[in-house]
Amino acid sequence: KFDHVCGHKGYSYDAYNDNEKAKARNGAVVLSGGSVWSRSRVNPRIMSDIGYENCDYISNELDWSFWKQFGNGKFHGVNMELHVPCRDRIEHLMSMCNYEEHGKVGEKGLPTKHKIACDAKTDEELFNSVKKCFLYLNRYDHSLLELFDVKCFSFHNQFTNYIDHMSTILSHRRFESTPYVKRETNDVRNKEEECIWYNPEVREKVDKFLLDTIPYYQFCDSCMGSENEIAT
């Protein structure tokens, strides 16, 4: 949709052809030569080799320290704004639990997925089961607040209202491939199998544990509804 977008989920310069190919294969991601990388999932080393001098918008899901190279005007004297997507803590946790562990196989030859121990005898046992689900929570750190003007927006509105907001800032592509085909990276969840929704006491304990221990959730809790939320 936009020009000069650079990111781990693809670049604007070849987005048209990549989406046309995705439509032809019903959204399946085609990987290159057995690699985990593709045009829809760009290798960070390739991104680094290309550079970011022609980017108006940069997207990445690496450790938070990736952004240090752009903080406080270090990148050619350009001051940048950092946008962090925020989502419901329990929903995010269950999405992480649902993410299959690559290379690990459980019952009936299916990929293993973690489950919350709703029947745990102690809080320690419960919280240990929660921590087994954690994935990529190092993408945010409070240190980023010292480097950027950090804004937040609703994860659920990222392809609707957030896009509308960015439409007022970014330049539009000359040609756009429609409709956009989303490349899924996680399986569809079966919420009926997630015990946490049937255990209000467990859900409350876990929610508090997440907020008390994870900087990302702390930031979102303070940012959403504040002047730093991108109105979506």
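Me: Buried means under 20% relative accessible area, exposed over 50%, and partly exposed in between, with a 1.4 Å probe and protein chains only. Why is Met-47 called buried?

Reply: Met-47 has 0% relative accessibility, which is under 20%, so Met-47 counts as buried. This is a predicted model, in which local features need pLDDT of at least 70, side-chain atom pairs count only at pLDDT 80 or more, and totals for chains, interfaces and linings use all residues. Residues are numbered from 1 along each chain as its sequence is written, and side-chain values use heavy atoms, with hydrogens and water left out.

Me: Where is Met-47 found, and what does Met-47 touch?

Reply: Met-47 is in helix H2, residues 44-50. Helices (H or I, at least four residues) and strands (E, at least two) are DSSP runs, numbered from the N terminus. Contact means heavy atoms within 4.5 Å. Leaving out residues up to four places away in sequence, Met-47 touches Gly-7, His-8, Tyr-11, Val-42, Tyr-52, Ser-59 and Asn-60.

Me: Why is Lys-151 called buried?

Reply: Its relative accessibility is 16%, which is under 20%, so Lys-151 counts as buried. Lys-151 belongs to strand E4, residues 149-154. Among the residues that Lys-151 touches are Glu-81, His-83, Phe-219 and Cys-223.

Me: What makes the pair Lys-151 and Asn-228 a polar contact?

Reply: A polar contact is a pair of N or O atoms within 3.5 Å; within protein, one must be able to donate a hydrogen and the other to accept it, and residues adjacent in sequence count only if both atoms are side-chain atoms. The side chains of Lys-151 and Asn-228 are joined at 3.2 Å, which is within 3.5 Å, so the pair is a polar contact.

Me: How do you know that the buried residues of H7 line one face of the helix?

Reply: In helix H7, residues 215-223, the buried residues are Tyr-216, Tyr-217, Phe-219, Cys-220 and Cys-223. Seen down the axis of H7, they fall within an arc of 160°, so they line one face of the helix. The arc is that of the directions from the helix axis to the C-beta atoms. What covers these buried residues includes strand E3 (81-86), helix H3 (89-98), E4 and helix H6 (200-213).

Me: What makes Arg-89 and Asp-207 a salt bridge?

Reply: A salt bridge is a side-chain nitrogen of Lys or Arg within 4 Å of a carboxyl oxygen of Asp or Glu. The side chains of Arg-89 and Asp-207 meet at 2.8 Å, N to O, which is within 4 Å, so the pair is a salt bridge. Arg-89 is in helix H3 and Asp-207 in helix H6, 118 residues apart, and the pair links distant parts of the chain.

Me: Why is Arg-89 called buried, and why is Asp-207 called partly exposed?

Reply: Arg-89 is at 16% relative accessibility, under 20%, so Arg-89 counts as buried. Asp-207 is at 23%, between 20% and 50%, so Asp-207 counts as partly exposed.

Me: How many salt bridges are there by this rule?

Reply: The count comes to 15 salt bridges. One of them joins Lys-205 and Asp-123, with the closest N and O atoms 2.8 Å apart. Glu-91, Arg-189, Lys-191 and Glu-194 are linked in a network of salt bridges.

Me: Why is Glu-194 called buried?

Reply: Glu-194 has 8% relative accessibility, which is under 20%, so Glu-194 counts as buried. The side chain of Glu-194 meets that of Arg-189 in a salt bridge at 2.8 Å, N to O.
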